[in-house]
Amino acid sequence: MIRYIIRRILYAIPILLGVNIITFALFFLVNTPDDMARMQLGAKRVTPDAIERWKQERGYDKPLIYNDKESGIGRIVQTVFFDKSLRMFAFEFGRADDGRDIAREIRMRMGPSLAVAVPAFFVGLLIYLTLGLGFAFFRATYVDFWGVVACVVAMSISSMFYIIGGQYVIGKLWNLVPVSGFSGGFDAWRFVVLPAAIGVLGSFGASTRLYRTFFLEEIGRDYVRTARAKGLSEVAILFRHVLKNAMIPILTGVVVAIPFLFIGGLITESFFGIPGLGSYTIDAINSQDFAVVRSMVFIGSLLYVAGLLLTDISYTLVDPRVRLS
Amino acid sequence: MIYAIARLYRKRPGFPPGAGLRYTLRQMIAHSYRLVVLLSLLLIAGCGSPWNNPYPASDAKGNILYSAFAERPKHLDPVQSYSSNEITFTAQIYEPPLQYHYLKRPHTLIPCSAAEMPQARYYDAHDRPLPANAAVTAVAYTVYEIKIKRGVKYQPHPAFARNARGGYVYENLASRDLADKNTLADFREQGTRELNARDFEYQIKRLAHPRLHSPILGLMSDYIVGLKEYADALKKVNEGLAKAGNGEAWIDLRKYPLGGVEVVDDHTYRIKIKGAYPQFLYWLAMPFFAPVPAEVDRFHGEPGMAAKNLTLDWYPVGTGPYMLTENNPNRVMVLERNPNFHGESFPSDGEPADAASGLLADAGKPLPFIDKVVFTLEKESIPRWNKFLQGYYDASGIASDTFDQAVRMGGEGEAVVTDVMRKQGIRLTTSVAVSTFYMGFNMLDAVVGGNSERARKLRQAISVVVDYEEFLSIFQNGRGIPAQSPLAPGIFGFRDGKAGINAVVYDWGAGGPRRKPVEVAKKLLAEAGYPNGIDSRTGAPLVLYFDVTARGAEAKSMLEWYQKQFEKINIQLQLRPTDYNRFQDKIRKGNAQIFEWGWHADYPDPENFLFLLHGPQSKVASQGENAANYANPEFDRLFERMKNMQNSPERQAIIDHMLAILQADAPWLWGYHPKDYALYHAWYANVKPNKIAYNTLKYHRIDQALRNQMRNDWNQPLWWPLPLMGLLIAMAALPAVLTWRRRERGTARA
């Protein structure tokens, strides 16, 4: 397995390089270094000289990918791409355009993102799996029918509706929790409970239906009939056997999502004022801060690769027949 | 997971050994209610204030103002800060020499850190003094001598901290000294010192600093004697440092003299200006000219500080009523009372109506009234509005989607709050901003631009048909007034009533301006050579192009509205949607034909609006602010005369002439001046809208006892829906549970 993991890590390098190139190309297709300078320097009374100096100070005065004024390796090294993107492979994220240390910012913002995403993820998983099993157990009955109807309704509603409705009903009408905001320490629970609950509700329809489908496939199999014939209780059959056998498709979706808990929810964080990585990314895109955008995309792709690797490893844990080679 | 929890539960003392899963689960549920009740009581006790209060309960005792910000301020260094969301903070911290009187209108300059209003002394080209009433053309130099207040001290700051030997505690720091320092609060030692005239000189020098990119360097280089040369010299110094591999080293500006600024003594300095520039006094009311001590600049210039973002751009240092004690633009920014503030009193005079509205009740009382101002990051308008209604923000603007909820039109057409708002004690203030939003024609364009009669009449025809009264009614909830010229109300030169109307577009009737009928526009269009929208030269329909950055559903209806306005005279308006970057690029290169833009005045002087149409400041030719690239020699000549004059009937006459030229040439559709609506809770006092001054927080007052009481009344938790929802879910699940149990107990079917 070690060799497999090493191989996958090596595979990740060209993937990350490709993601970097695509991010770089997309970003500079839409924004020029001049645009970035203007965004930072403001709209009023900005002189071309100030723009040139801003670019010079931050290394954006160099050619983007290929420097034909240099010779040898300098043609590649003396470019914006080398300066800004390739250094990330050494985890040197540098400074944002506003001067803040990106690595420190990411460390600070990871906590709030996790505070919302982790409870939403695990509570949601528990609820979706339980309901999925329940609907599968009551298949072809009114419970299953109305359950699926509820799932389809839930899927059809925009996440924005859950957020705005949740804030209005729970925060404004019932006055149970703050409408938005964040606080460190123990008091954070008051700010986390609503976005986490809305996160659970927002994914309820799609996830429960998906898990129900997995369980329905399993529940008709021979080993389930055998277990029943042996006199096992339905709880034991569902949780001990069906759940375990449906794990492979569940893990495919679940484990790969775990690293993304760090990234946080883009819209949720914005609406609830959670100072997490999601809102950091959105702000960076809006302010054309390439340094932050590239860093967040790099981390996102790194986590995705890690998630896929973890998924493969988790297969071996739940199914002894799977061997990584 | 359930198994694991059940296994743990079975280990409790006294639990029957060998109990099954079902029994264990039942026991867990039976006992868990105690835990839930206990936790709930703990949480309620822990709150001590409404459950939905987003602030710590201990804040209830504080004299705190709660506000919100939607976007992180980019710059807090007074040499760079220019946007309104930045000056909201810097204006409370920094004290430039002058400020605007809080209550008087028209806006009146008064001393701030200056001891008295500076008097201009004029000199000719041979440095001979001229009388105060000297002709502007005779004035070669103007010298402003500024005497500053004595005994003014800076806020506590580590840069001022001194050791027993009299040296600075934080000087020549090694990288290990900064290892545990991530914010300014990590520096334990703090100090202060008295404000000195050299601090003002130092800040003016900072305008020319090559690494600070002050937005007003270009403008000020045209006025302050020697500033341009100073900037060039510093640029060379900076390049020298960069070549030596020391590009981030601190430059001690004290070593490099600036000819246009002279420090007379510790409390007096002089600024020498080229020619006469009376608007310079307005600049002295902006943070660009606030004092910055050299030792603070040196402190933040220590090696390693910038890498940790310990910069003056992040941690402003001033003598003002407030200091920034928490700068976490990810979540919250906090201003607290500066313990070293020199003191100031609430004004005792203002407009006649101010006494009647209670604005003079605090006359003579020491400022500031509020101890702390908490700005919370609130990016979205909906939660911000909800929190305002709950009393967690003390004031709010009004978004278009909440306008009907907040405002209705009174019997005489005036805006008043709705009954719901009135019952909450919320009051509304309205004020016309010193801003203008306009639709510009690119005067370099072959069709709509130029000074030919054909193009002028085409622009006039369009000016008549685009009905901004309707625009304001549909898209702005009536929040604005149609503009007759670039000048906003409240600015010298603006004329109200019949004398001020744009005669090309309006007639005077029924006590107000009446837009001319479409027939007039059609006639103008025909005279321009486009009868019924057809080019008489080519026979082709007239198609114009409108570069827009607006997107989304609301923007779509707005853009369709524009197209319909042009259709009134059979002009096809093609939309060219673009992002803001490309839009700016097109404007810079003169590639747009028709565009929309706006301007918010820096200071209340007609020059600050009319320069937007001054030929030499054309965007394409000189990267100036004249986005329409309008150039009319007569207008430019009058502008040069008018810009440096004192307000007088002669200046008014010149402005009248200039506006008449503009209205006839119609390089812009004059658009509208927006009207700002703001809502305030009953506990928020001493608010008078001021669209020019930003250092107004010191005048505001909060009645925290009333706020606490009303917040508690409005935010009583409604908890019963939760058990009700639980009950409903339980009832819905009951048949399923019964079916489950029946199946569990049933016998196997054949």
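The model is predicted, so local features need pLDDT of at least 70 and side-chain atom pairs count only at pLDDT 80 or more, while totals for chains, interfaces and linings use all residues. Residues are numbered from 1 along each chain as its sequence is written, chains are lettered from A in the order in which they are written, and side-chain values use heavy atoms, leaving out hydrogens and water.

Let's start where the chains meet. Chain A brings 64 residues to the contact and chain B brings 72 residues; contact means heavy atoms within 4.5 Å. Together they bury about 5900 Å², with 54% from carbon and sulfur atoms. Buried area is the accessible area (1.4 Å probe) that two parts lose on being put together, summed over both. Four salt bridges link chain A and chain B, each a side-chain nitrogen of Lys or Arg within 4 Å of a carboxyl oxygen of Asp or Glu. The side chains of B:Lys379 and A:Asp283 form a salt bridge at 2.9 Å, N to O.

Now look inside chain B. Is B:His157 buried or exposed? B:His157 is buried, because its relative accessible area is 0%, and buried means under 20%, exposed over 50%, and partly exposed in between (1.4 Å probe, protein chains only). B:His157 touches residues including B:Leu184, B:Phe299 and B:His300, leaving aside residues up to four places away in sequence.

Finally, turn to B:Met731. This residue counts as exposed, because its relative accessibility is 52%.
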